[in-house]
Amino acid sequence: MKIGYARVSTDTQETHLQIDALRRAQCRRIYEEKASGAKADRPELMRLLDNARQGDVVVVWKLDRLARSLRQLIDTTGLLNEHGVELYSLTENINTTTPSGKFTFHLFAALAEFERELLRQRVHAGLKAARQRGRVGGRPKALTADALKKARALLGSGEYTKGEIAKELAVSRHTLWRALGQETTS
C-alpha cells in the first residue's frame, strides 16, 4: 500500500500542493503534519512509522518533507527499511523499491555526507586561521574586567546584594554569578 506523508513547518503554511501530488500518486492513506522538520517530536510521522507494514511504500512530495537533515533522513529511511517499507520521493524521483533507486538514494546520501565533512573542515580551518591572527570568536563578554572589579568591590562591601549589583551593571544576575564564579545563594 502507498502511504503519503505531507509536512509544512508552520501553522500558517498549507499542505495542499503536497496532498494533491500524493493523491495523484494514488496514496491510500495520507498523514499530514504541521511541525518543523528539525523537531524530533512529530506525532504524525511516528503514527505513520507505527502503522507502516512490510511491502508498504511511503511516498513524500520531497525528501526534505520527511527529514530536515541527512542524518535524520538516513535514520528514518533505516527505520523504514527495518520494517520492510520502501521510500518514494515524487520530486527527486527516488524510489527505493528499485535497485537504481536505492543506489541513487545512497549516492545522494554519500555526497551530502561528503559535503558536510568538507564544510566542517573549512570551518575549522577558518577558525584556526582567525585564532592565529588573534581573533577570538563568539559573543563579547557582558562584563568587562573593570565592571567585574567593581562588582567584587561592591559585593565585598557587604552593602549590596548580587541582584542590586547586577542591576547597577545592567546585566542579569545569572551573568554576574557566572562571572564571579559563585553559586547563587541570594
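Guide: Start at G4, which stands opposite V59 in β3. Before going further, bear in mind that this is a predicted model: local features need pLDDT of at least 70 and side-chain atom pairs count only at pLDDT 80 or more, while totals for chains, interfaces and linings use all residues. Numbering starts from 1 along each chain as its sequence is written, and side-chain values use heavy atoms, with hydrogens and water left out.

Back to the spot itself. Strand β1 (residues 2-8) and strand β3 (residues 57-60) run parallel, joined by four bridges. Both belong to an open, mixed sheet of five strands, in the order β2-β1-β3-β4-β5. At its edges are β2 (29-34) and β5 (94-95), each pairing on one side only. Two strands pair here if DSSP finds at least two bridges between them. Strands (E, at least two residues) and helices (H or I, at least four) are DSSP runs, numbered from the N terminus.

Now hop over to I30, found in strand β2. Setting aside neighbours within four places in sequence, I30 is in contact (heavy atoms within 4.5 Å) with G4, I19, L22 and R23. I30 counts as partly exposed because its relative accessibility is 27%; buried means under 20% relative accessible area, exposed over 50%, and partly exposed in between, with a 1.4 Å probe and protein chains only.

Those contacts of I30 include I19 and L22, which takes us to helix α1 (residues 16-24), where Q18, I19, A21 and L22 are buried. They cover an arc of only 165° around the axis, so they sit on the same side of α1. The arc is that of the directions from the helix axis to the C-beta atoms. Their packing partners are β1, β2, β3 and α3 (63-66). On the face turned away from that buried side, α1 carries the exposed residues H16, L17, R23 and R24. Just after the helix, Q26 takes a positive phi of about 65°.

Helix α2 (residues 43-51) lies across β1, β2 and β3, running at about 155° to β2. For that angle, axes are lines fitted to C-alpha atoms, for helices over the stretch in contact, and angles run from 0 to 180 degrees between N-to-C directions. The buried residues of α2 are L45, L48 and L49. Their arc around the axis is only 95°, which puts them on the same side of α2. Their cover includes β1, β2, β3, α3 and α4 (70-82).

Finally, step back to the whole chain. It has eight helices and five strands, following the pattern β-α-β-α-β-α-α-β-β-α-α-α-α along the sequence. The radius of gyration is 26 Å, well over the 16 Å that the globule rule gives for 186 residues, so the chain is more spread out than a compact globule. That radius is taken over C-alpha atoms, and the rule is 2.2 Å times the number of residues to the power 0.38. Along the principal axes, the C-alpha atoms fill a box of roughly 75 × 40 × 30 Å. Of the 186 residues, 33% count as buried. Among contacts between residues at least 6 apart in sequence, 61% join residues at least 24 apart.
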